Structure formats: structure tokens, C-alpha cells
Amino acid sequence: MYYGDFDGNGHTETILALEKEDEYYPVADLDALSSQLVSLTKKKFPVYKDFAGKTLTEVVDKKILDQGTAFQVHELSSGYLKNENGKFAFHPFNTSLQVSPINAFLVHDYDGDGKKEALVGGNYFGVIPYHGRFDGFDGALIKDENKVLLGSEIGLNFTQKAIRNFNLITIKNEKFLLVTINDNDAELYEF
Ligand SMILES: [Ca+2]
Ligand SMILES: [Ca+2]
């Protein structure tokens, strides 16, 4: 992500780029990019065909990009840190847990077998329509490194909901899971 005032109009821009075979390509399409950088893109690419397949530095001059700050992300997977002989190593979760950003974890012995599990919730709607909202994650219970139960298998229904937080609450000596959802009613699950 390049961040800076690339056209010198006093407002900062962010330009996202993805690496593919050692080249960087802009993530945004011509319309989105030119809405931020009119002088740099629409004049340079009057027709869409000319923009297609162009690398980032073919779209925005390297000298101009270098005026900004470059940020890099190397890992977008959700995962956990495992203590391996005193050193923590990152391990991504399996693919069933990668369908949306994860926002909520709650560790507890949910099934009463004496071992703790991690309940996981996610989804995120705060994206532009072009990217499409992340709404397909059903929630999950991580039993251990190799065993993950999806929400639908354990009586949860978190799809189409942007899960934000979990709490355990006790009402009249009975334990409940309180699920807080962004821009929606909270939900109470009986154990
Ligand atoms: Ca600017
Ligand atoms: Ca357990």
C-alpha cells in the first residue's frame, strides 16, 4: 500500500497493489483509481483497454510512488502462534476459517470434557460494493489443532451477521452465550 499525496493537491491517497510473479499490479480499477488521481490516470489512459494488465509503475510513475510511504502485508490468513521449543511460529487456520475476517474469540470448556475450546466468530460488512461484504462465515468451535466444528454443526447460525463479541453470562444459575452483532440485535444461545 502506497500512501501519500501523489498528485500534490493537499489530500493523501492510498494505492493498493498486489504482487504477482515479482510484479506489482494496482488492485483498484481505472474508475476507482482515477477518482483519486485524476491527473495521473484518466489523461494517461483515455480508454480502459490501455489500462488492462498494466503494472503499478506503468500506471503511476515510480518517482511519484517513492514520494509516499510504502506499507507491506505478508500474511492475510487468520491463524495462531504455536510455541515450538521456546519460539512462537505462525500457523494459519484451515480453509474453513479463512472465509471472512475473524473478530471474536472466546476460550471456554463448551462441551464439559475438561479441555478448553475456542469459539470463533467473524464476518465484516464495511467494504465497498466492488469487493463484496464478508458474510459467509458460520462461526466455528476449534477443538484442537486438527479438529474444527463449524457453527452449523453445533447449533449456531452466524452467517449474514457481523459478529463482534462473545460473553458468557449466567441467568438464574444457567449459563448462556451472549453474541454481540454489529448493526443488529444481540443473540442469546442456551448451552
Ligand atoms: Ca492528492
Ligand atoms: Ca471441552
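Mentor: Let's start with Asp183, which sits in the loop between strand S13 (174-181) and strand S14 (187-190). Keep in mind that this is a predicted model.

Trainee: Okay, so why does Asp183 count as exposed?

Mentor: Count its neighbours: Asp183 has 9 C-beta neighbours inside 10 Å. The cut-off for exposed is 12 or fewer, so with 9 Asp183 counts as exposed.

Trainee: And what is there to notice about the phi of Asp183?

Mentor: Phi of Asp183 is near 60 degrees, which is a positive value, and Asp183 is a residue other than glycine.

Trainee: Where is Asn85, then?

Mentor: Look at the loop between strand S6 (79-84) and strand S7 (87-92).

Trainee: What makes Asn85 exposed?

Mentor: Asn85 has 5 other C-beta atoms within 10 Å.

Trainee: Let me try Val127. Why is Val127 called exposed?

Mentor: Val127 has 11 other C-beta atoms within 10 Å. Exposed means 12 or fewer, so a count of 11 puts Val127 in that class. You'll find Val127 in the loop between strand S9 (117-122) and strand S10 (140-142).

Trainee: Which residues is Val127 in contact with, if we leave aside neighbours within four places in sequence?

Mentor: Gly132 and Arg133. A contact here needs C-beta atoms within 7 Å, so the C-beta atoms of both Gly132 and Arg133 lie within that distance of the one in Val127.

Trainee: Let's zoom out. How much of the protein chain is buried?

Mentor: Buried residues make up 17% of its 191 residues. To be in that group, a residue needs 20 or more other C-beta atoms within 10 Å.

Trainee: How do you know how the protein chain compares with a compact globule?

Mentor: We use the radius of gyration. For a compact globule of 191 residues it would be near 16 Å, but the protein chain has 22 Å. The C-alpha trace spans about 70 × 45 × 30 Å along its principal axes.

Trainee: What domains does the protein chain have?

Mentor: The domain assignment gives domain 1 (2-70) and domain 2 (79-190). Their C-alpha centres lie 37 Å apart.

Trainee: And how many helices and strands are in the protein chain?

Mentor: Five helices and 14 strands.

Notes. Residues are numbered from 1 along each chain as its sequence is written. Chains are lettered from A and ligands numbered from 1 in the order in which they are written. This is a predicted model: local features need pLDDT of at least 70, side-chain atom pairs count only at pLDDT 80 or more; totals for chains, interfaces and linings use all residues. Helices (H or I, at least four residues) and strands (E, at least two) are DSSP runs, numbered from the N terminus. The radius of gyration is taken over C-alpha atoms; the globule rule is 2.2 Å times the number of residues to the power 0.38. Two residues are in contact if their C-beta atoms, placed from the backbone, lie within 7 Å. Domain bounds come from an automatic or database domain assignment.
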